[in-house]
Amino acid sequence: MNDTESLFSGFPAVDHEQWKSKVIDELKGAEFSKIVWKTPEGFEMEPWHNRHTAVRPAPEVPFRRSTNRWRICQQIAVERLLDDPALLDEALTGGAEAIELRFEGVPESAEVVRLLEALRSLDLAKTALYFSGAIGDPAALLDALAALPGFAANSGALLFDALSTPDADLPIPPHSGFRTLAVDTTRFHEAGATITQELAFALAGASDCLSRMIDAGADAAEAASAIEIVFAAGTSHFPELAKLRAMRAMWPQLLAAYGVAADATAEPRIFVRSSIRSISTLDPYTNLLRLSTEALSAILGGCDTLQLAPFDPAGSVSEEFAERITRNIHLLLREESSLGHVIDPAAGSFYIETMTAALCRESWKLFQQIEAAGGLRAAEASGRVAAMIAPAADARRKAINTRRRTLVGINHYTVPPVAEVVAAIQRHPDATKISGYEKLRRRMIAHASAGGATPRAALWLHGEPSKSQRVAAFADDFLRSGGFEVLPSVTLDPETCNCRALLREEPEIVVFCWSGESDLASVAKICETIQELRKETIIVMAAKPPENAAELLRAGLDRFIHLGSDASADLLSLQHKTGVL
């Protein structure tokens, strides 16, 4: 008996079925399936796993590193750096260990010369350089970089997306540390791909690159050393953590198909970005929570380099402040949480090992389907990839629009933006990469800025207080996510039809937050009374439509709002009806 077992020797053994029986008792008649997670990946995850239920053997996730230390990367636009070369020193003294230089347009030769001059002051053996965006000719950029003192010792990468330029020659790295092309899955992530799909596309992209380089005469192991895998980290903590572990587990299997022996297989090098799918422009400080969650997933999953976008995309604070606070997320996780000390801390977790195995199984099957159809480039060109992603993207969009999926500060728990944020979005009105809810609230801000009044809603509570208050809390949160102002709730008896107190402040919307169906008989009379007092008032009921919903709508109700209704569409309609243009 080992030491761990001896600690529990005085307790009776409890098997999985006994635990499950106890859980079913606690569910008080509800089906056990209620707490089984049906993942977007297409497989189910029970709420807990143990040594008897977990996948055996667990996937081998090879790590050959001596620590779990990741490189803190800060992205700087090349144009901005050329205007202010001191940005490099500020980033490095602030804690960055890698710099991603992003080209917004294909650089001219004079710009490259100025960039190289700005980089000469760096110790390139210590500071990894990444280049992204409109790189242009990667071979020409590599030749220019090779002239930098110490560049031979650099361990960064050209994040040159070979899949987006299928006819380009793929450069082999000039030395073992610097990578020259990227298999970048972020565009699939942003389009709404599931984690299974992201992994399958990464495998298929790597396979495509390996085939092209081997056909050009490269050794398979050497070709693999040219590739940097790029993922975006979303906010679903355990799946995102398992995603990187699954990639590491499948990498040797992929290289084995190209004849690379296990002892000659280098680990994949993984560059992770924070996701923009759930970013908030109106409530930037909630982004600090998202970025922290995404960073934690990436670090515990074993990323090599991590680049977090500044927390304030609207620019309501200075760029220096936004970059510094975002960079401090890395430093807190490293220095105060000591996340760099334990290699693969998820190893041995039955839950995460099971999820890793499921992701490996499902993504490898999808990868094989893509390969059988001619590879990733052919699948993209034929529209197959877009067709794969579309159902998942639609399901995610529907979950957000119906508020079944919570995005804090976006479709739930929103707060009015501070004056600095309002000023920033008025300076930068482009809203192409924000959620539908934030577009709604931006419409409301623009309406108010043009001299319009923010529409207000009055909540009418009736029935059992605890129930009606829960309904009111739902309605309050629902309306605020569309930018409406919500007045203090009023408790009234429907039988009296005393609506004057409710309409005292002339709200544009009245919401019935009632807890009893027996009161529905008085809806028609109340609607008539409200409209006699204030004809333009819009009347809403916070409840699922009852059997006589059509009758109630004819009596004067405008709509029913509830968990499951399309909140985004409802809020847009209410904006139109209250005069928000």
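At 12% relative accessibility, does aspartate 208 count as buried or exposed? Aspartate 208 counts as buried, where buried means under 20% relative accessible area, exposed over 50% and partly exposed in between (1.4 Å probe, protein chains only). The model is predicted, so local features need pLDDT of at least 70 and side-chain atom pairs count only at pLDDT 80 or more, whereas totals for chains, interfaces and linings use all residues. Residues are numbered from 1 along each chain as its sequence is written, and side-chain values use heavy atoms, with hydrogens and water left out.

**Figure 1. Overview of the chain.** The chain contains 21 helices and 16 strands; helices (H or I, at least four residues) and strands (E, at least two) are DSSP runs, numbered from the N terminus. Its C-alpha trace spans about 85 × 70 × 50 Å along the principal axes. Of the 581 residues, 52% count as buried. Among contacts (heavy atoms within 4.5 Å) with a separation of 6 or more, 75% are accounted for by residues 24 or more positions apart.

**Figure 2. The salt bridge between arginine 212 and aspartate 208.** The closest N and O atoms of this pair are 3.2 Å apart; a salt bridge is a side-chain nitrogen of Lys or Arg within 4 Å of a carboxyl oxygen of Asp or Glu. Both residues lie in helix H8 (residues 195-215), four residues apart, about one turn of the helix. Arginine 212, at 15% relative accessibility, counts as buried.

**Figure 3. The salt bridge between arginine 269 and glutamate 228.** Here the closest N and O atoms are 2.7 Å apart. The pair links distant parts of the chain, with arginine 269 in strand E9 (residues 269-274) and glutamate 228 in strand E8 (residues 227-233), 41 residues apart. Arginine 269 is buried, with a relative accessible area of 12%, and glutamate 228 is buried at 0%.

**Figure 4. The salt bridge between glutamate 117 and arginine 120.** The side chains of these residues meet at 3.5 Å, N to O. Glutamate 117 counts as exposed at 54% relative accessibility, while arginine 120 is partly exposed at 42%.

**Figure 5. A network of salt bridges.** Arg65, Arg248, Glu267 and Asp304 are linked in this network. By the rule applied, the count comes to 33 salt bridges.

**Figure 6. A patch of negative charge on the surface.** Glu79, Asp83, Asp84, Asp89, Glu90, Glu108 and Glu111 gather in this patch. Patches are made of residues with over 30% relative accessible area and no salt bridge, like charges being joined within 9 Å and nonpolar side chains (Val, Leu, Ile, Met, Phe, Trp, Tyr) within 5 Å. Asp and Glu count as negative and Lys and Arg as positive, while His and the chain ends are not counted. The place of a charge is taken as NZ of Lys, CZ of Arg, CG of Asp or CD of Glu. Helix H3 (78-83) and helix H4 (86-93) each supply at least two residues of the patch. Glutamate 108 is placed in the loop between strand E4 (98-103) and helix H5 (109-119), and is exposed, with a relative accessible area of 58%.

**Figure 7. The surroundings of alanine 295.** Alanine 295 lies in helix H11 (residues 286-301) and is buried, with a relative accessible area of 1%. Apart from neighbours within four places in sequence, alanine 295 is in contact with Leu306, Leu308, Ile329 and Leu333.

Note on methods. Accessible areas come from the Shrake-Rupley method with a 1.4 Å probe; for residues, only the protein chains shown count as cover.
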